[in-house]
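Reader: I am new to protein structures. Could you show me how to read one?

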Amino acid sequence: MFVDLEIFAVIFALLYLFLAMRQHIACWYAAFISTFLYILIYWDVSLYMESVLNVYYLVMAIYGWSNWNRKSKINKNYVISWSYLNHLIVVVLILILTIISGFYLSKTDAVYPYLDSFTTWASVTTTFMVAQKVLSNWIFWIIINSVAIFLNFDRELYFTVYLLMIYQLMSVYGYYQWRKSFNEYKTQT
């Protein structure tokens, strides 16, 4: 049953990223469906933080849709860049939360509690960056997905591994697409 769910989750996850790269608001509908399915899948394979992360993704799909809907009325090319200080704060916060939750998860039957925690907290932050249209979100995703490939391979979620490998390529392309929009937005303001 979960192999079938995983295939559907992968299809909707790819659709989400393809639409997000193009800054199409419908990406958030695909995100909602994919994340709902991944809540079930990750819980079943004892990656609890990944499962909880997908609950957050459900909420962020609604927030992202609302935020993009509002901002696209202002300017479709709206993409922002964060300062180095913002990035430093985010990285330190991710590391602190990773250590704390990894420590507590290490007391359970969780698999790779620190890596699972890292991908979760980094994804929480980066999903917010996507919803805010922060350009560097794509670079964060490349790092997160590299770790997630290992976790999913270890849990024998091979369709998800393929998804994450495709995400790596799409993230590079997404960065260049959003960079183009960022440059256009800067010249318009």
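This is a predicted model: local features need pLDDT of at least 70, side-chain atom pairs count only at pLDDT 80 or more; totals for chains, interfaces and linings use all residues.

Reader: How many helices and strands does the protein chain have?

Author: Start by listing the elements. Here there are 7 helices and 0 strands. From the N terminus on, the order is α-α-α-α-α-α-α.

Reader: What does the radius of gyration say about the protein chain?

Author: Compare it with the value for a compact globule. For 189 residues that value is near 16 Å, and the protein chain has 16 Å, so the two agree. Along the principal axes, the C-alpha atoms fill a box of roughly 50 × 35 × 25 Å. As for burial, 52% of the 189 residues count as buried.

Reader: At what angle do the axes of helix 5 and helix 6 cross?

Author: Look at the directions of the two axes. Helix 5 (residues 113–132) and helix 6 (residues 137–154) cross at roughly 150°, and their axes come within 9 Å. Angles over 145 degrees count as roughly antiparallel, so helix 5 is roughly antiparallel to helix 6. Their crossing is left-handed.

Reader: Which residues make the contact of helix 5 and helix 6?

Author: Read each side in turn. Helix 5 brings residues including Phe118, Ala122 and Met129. Helix 6 brings, among them, Phe140, Trp141 and Ile144. The contact residues divide into 13 nonpolar, 5 polar and 1 charged.

Reader: Is Thr120 buried or exposed?

Author: Check the relative accessible area. Buried means under 20%. Thr120 has 2%, so Thr120 is buried. This residue lies in helix 5. Leaving out residues up to four places away in sequence, Thr120 touches Met49, Glu50 and Leu53.

Definitions and conventions
Residues are numbered from 1 along each chain as its sequence is written. Side-chain values use heavy atoms; hydrogens and water are left out. Axes are lines fitted to C-alpha atoms, for helices over the stretch in contact, and angles run from 0 to 180 degrees between N-to-C directions. Helices (H or I, at least four residues) and strands (E, at least two) are DSSP runs, numbered from the N terminus. Angles under 35 degrees count as roughly parallel, over 145 as roughly antiparallel, 65 to 115 as roughly perpendicular and the rest as oblique. A crossing is left-handed if the near helix is turned anticlockwise from the far one by less than a right angle, and right-handed if clockwise. Contact means heavy atoms within 4.5 Å. Ala, Val, Leu, Ile, Met, Phe, Trp, Tyr, Cys and Pro count as nonpolar, Asp, Glu, Lys and Arg as charged, and the others, Gly among them, as polar. Buried means under 20% relative accessible area, exposed over 50%, partly exposed in between (1.4 Å probe, protein chains only). The radius of gyration is taken over C-alpha atoms; the globule rule is 2.2 Å times the number of residues to the power 0.38.
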